[in-house]
Amino acid sequence: MTTATAHHDDHGHHGPAKGIMRWVLTTNHKDIGTMYLWFAFTMLFIGGAMALIIRTELFQPGMQLIEPEFFNQMTTMHGLIMVFGAIMPAFVGLANWMVPLMVGAPDMALPRMNNWSFWILPFAFGMLLFTLFTEAGAPNFGWTFYAPLSTTYAPSSVTFFIFGVHMMGISSIMGAINIIATILNLRAPGMTLMKMPLFVWTWLITAYLLIAVMPVLAGVVTMMLMDIHFGTSFFDAAGGGDPVLFQHVFWFFGHPEVYIMILPAFGIVSQIIPTFARKPLFGYASMVYATSSIAFLSFIVWAHHMFTVGLPLQTELFFMYATMLIAIPTGVKVFNWVSTMFRGSMTFETPMLFALAFVVLFTIGGFSGLMLAIAPADFQYHDTYFVVAHFHYVLVPGALFGIIAGVYYWLPKWTGHYYDEKLGKFHFWMSFIGVNVTFFPMHFIGLAGMPRRIPDYALQFADFNAIASVGAFIFGFSQLIFLYLLIKTIRGGEKATDEVWEGAEGLEWTIPSPAPYHTFAEAPEVK
Amino acid sequence: MTDSPKTSFKAGKTALKLVLAAVAMFGFGFALVPLYDVFCEFTGINGKITGPVERVEQWVDTTRTIKVQFITTNNAGMPWEFEALQEEIEVHPGAWTQVEFWALNPTQKDMVGQAVPSVSPSEATEYVQKTECFCFSQQTLAAGEGRKMPLIFALDSKLPPHIRTVTMSYTIFDAGAFAEK
């Protein structure tokens with residue numbers, strides 16, 4: 001707290017320091033945002049490599065490439081790294097860059113904590129990844145780490161996993177506190193709450209979700225730690241505990257967590273679509289209320305992940321209906337995006353293409369979610385590839401496409417250069433085709449009964465699995481185009497104007513491109 | 001920076017409140033453990049039976065006969081022989097009945113076991129009253145020792161009429177790590 005004022009004096013109006021220490025010691029929101037984004041991108045490639053190992057093994061039935069034990073480690077680590085290492089830090093990075101620029105603040109409210117919350121992450125993931133090289137191997141109990149798989153039957157590396165989760169939890173909570181403190185206290189004069197850009201709104205709500213549930217995650221891994229090392233029995237029935245309790249506590253965190261991974265993407269898309277449709281966002285207020293309702297509902301639907309554990313009928317019905325209720329605010333949002341485009345003068349630059357793909361493909365993921373919400377039907381879908389198809393549709397062309405769209409949208413503001421539009425479109429089409437070829441067939445093999453998290457499968461699933469593996473390689477390698485494009489844009493390119501996009505609205509487009517190291521030293525006036 | 005001391009004081013206050021909220025939610029995570037037990041006990045949905053209860057003689061509903069089945073399961077890795085000596089009996093609601101279970105420790109070492117009960121349908125849980133059950137405490141068996149273990153129970157005569165069969169299931173766990181001294 002008081003550090004926020006103390007350190008500002010030695011900063012003045014000079015540029016960044018030189019050398020590596022600039023990045024270690026920086027308290028500048030743009031530097032920290034950049035580091036978050038590069039960290040997330042690195043994790044995307046590491047987690048993506050694991051996905052390709054999984055898809056290679058599944059290209060044909062039978063065991064060909066890796067051992068089943070290693071396969072389990074790959075599915076576990078892929079999930080953990082993508083959720084906690086790629087998607088979440090990427091959103092925090094975008095928030096670091098854009099929230100101060102969008103509300104007219106000179107920096108984040110708590111810049112030193114900001115530095116700290118980033119620098120915890122490489123250590124947390126370093127600790128998680130190094131377990132791959134230990135004798136016990138990496139965690140192998142799935143990213144949901146259900147007890148007793150993760151307690152009684154866990155490899156000894158589980159303790160590193162627990163501390164890794166503690167560290168990333170602390171990092172997320174600090175990031176969320178910083179974002180809320182910035183939004184609530186540092187808005188420019190005239191920037192009332194209901195004038196804030198939707199990206200800021202969705203992040204404000206997301207940050208509250210993070211503060212509400214990341215501590216519960218920390219709690220559940222602490223209980224695991226105590227069961228494993230201190231002789232308690234939270235989850236061990238022999239000592240009076242209950243493994244089903246684990247699932248309740250985990251999903252009490254886990255369901256809000258899935259909205260943490262999608263709400264900021266809603267915000268990004270709500271910025272991009274009005275810009276390229278050249279019309280203001282349709283139903284701004286209803287967007288804010290819809291986002292808040294989704295956040296509220298996320299706390300009362302967790303047991304829809306547990307329909308098959310033996311819940312009583314009334315409980316199944318409650319969670320089924322509560323889950324279906326979420327379709328209403330989500331439908332409002334999709335309706336508003338479509339209405340924004342209706343009769344707009346649309347152009348299809350890369351950010352818009354990714355945003356449009358987001359709307360269509362996220363909706364497909366939403367519909368398969370509704371199918372899974374039907375409790376009696378879920379008994380067939382539960383733990384099959386249908387679930388894998390569902391959550392990859394909301395997380396890859398959902399959350400990840402949202403992030404990529406945001407990066408293309410703001411890249412000229414960050415670097416001062418336009419990216420190569422042809423290459424961007426090529427990247428989009430390769431990603432779009434790759435993602436659908438990978439995940440669409442999974443719906444079919446899931447409905448036909450292929451269980452998830454298995455290294456080998458029955459022969460009748462062979463064709464669709466082969467197609468999915470081909471799609472995975474197309475999708476994975478087309479992200480190298482993105483890497484190349486990013487480096488190319490940072491190093492040079494057509495000079496970007498301050499406004500960058502014709503029809504873009506918001507404070508971030510009033511500052512020069514590239515955004516100077518310090519912005520809004522004098523708070524702008526918002527009409 | 002125009003960041004006035006006043007704004008950063010306000011930001012600090014916001015941050016402090018949020019830190020407290022995070023700490024409270026960490027506590028809430030742990031509070032879910034007793035809340036879960038209270039909820040299960042209150043609704044009886046987990047098949048968790050509280051007891052032992054005081055034996056109260058009640059009206060015996062001889063017009064109805066309920067089939068009561070006993071199922072025993074060994075948790076993975078638990079080597080005991082564990083079975084119900086009567087797999088199925090018929091009782092009238094309200095009547096006290098005693099049945100016997102058999103456990104044998106075939107290993108070369110002394111072991112401690114704990115049976116965890118469950119009732120199906122879960123709706124029947126609150127109507128099952130036990131004055132004595134081997135599941136209420138840990139059972140210690142020396143190497144090679146076998147023992148008959150009693151269960152004395154009654155079904156409440158208020159048992160809903162559509163319930164005709166009650167299944168009582170017991171899973172035996174190796175509780176060596178949690179042995180009570």
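The following legends describe close-up views of a predicted model.

**View 1. Packing of helix 6 against helix 7 in chain A.**
Helix 6 (residues 158–185) and helix 7 (residues 198–229) of chain A pack with their axes 8 Å apart, at an angle of about 155°. Because angles over 145 degrees count as roughly antiparallel, helix 6 of chain A and helix 7 of chain A are described as roughly antiparallel to each other. The crossing in which helix 6 of chain A passes helix 7 of chain A is left-handed. The contact between these two helices of chain A has 24 nonpolar residues, 3 polar residues and no charged residues.

**View 2. The side of chain A that touches chain B.**
Here, 37 residues of chain A are in contact with 32 residues of chain B. On the side of chain A, two or more residues are given by each of helix 1 (3–6), helix 6, helix 7 and helix 8 (243–260). Helix 7 of chain A supplies the largest share, 7 residues. By class, the residues of chain A that form this side divide into 26 nonpolar, 10 polar and 1 charged.

**View 3. The two assigned domains of chain B.**
The domain assignment divides chain B into domain 1 (1–43) and domain 2 (66–178). The C-alpha centres of domain 1 and domain 2 of chain B lie 43 Å apart.

**View 4. The open sheet of chain B.**
In chain B, 5 strands form an open sheet with mixed pairing, in the order 3-1-9-5-7. Strand 3 (88–91) and strand 7 (139–141) of chain B each have a single partner strand and stand at the edges, so one side of each is left without a neighbour in the sheet. Neighbouring strands of this sheet are turned against each other by 30° on average, direction ignored.

**View 5. Strand 1 of chain B and its pairing with strand 3 and strand 9.**
Strand 1 (residues 66–74) of chain B pairs with strand 3 of chain B in the antiparallel sense, over 4 bridges. Within strand 3 of chain B, B:Glu90 is the bridge partner of B:Lys67. Strand 1 of chain B also runs parallel to strand 9 (residues 165–174) of chain B, to which 8 bridges join it. B:Thr72 stands opposite B:Tyr170, which lies in strand 9 of chain B.

Opposite B:Val112 stands B:Thr140 in strand 7 of chain B.

Definitions and conventions:
Residues are numbered from 1 along each chain as its sequence is written. Chains are lettered from A and ligands numbered from 1 in the order in which they are written. This is a predicted model: local features need pLDDT of at least 70, side-chain atom pairs count only at pLDDT 80 or more; totals for chains, interfaces and linings use all residues. Axes are lines fitted to C-alpha atoms, for helices over the stretch in contact, and angles run from 0 to 180 degrees between N-to-C directions. Angles under 35 degrees count as roughly parallel, over 145 as roughly antiparallel, 65 to 115 as roughly perpendicular and the rest as oblique. A crossing is left-handed if the near helix is turned anticlockwise from the far one by less than a right angle, and right-handed if clockwise. Ala, Val, Leu, Ile, Met, Phe, Trp, Tyr, Cys and Pro count as nonpolar, Asp, Glu, Lys and Arg as charged, and the others, Gly among them, as polar. Two residues are in contact if their C-beta atoms, placed from the backbone, lie within 7 Å. Domain bounds come from an automatic or database domain assignment. Two strands pair if DSSP finds at least two bridges between them.
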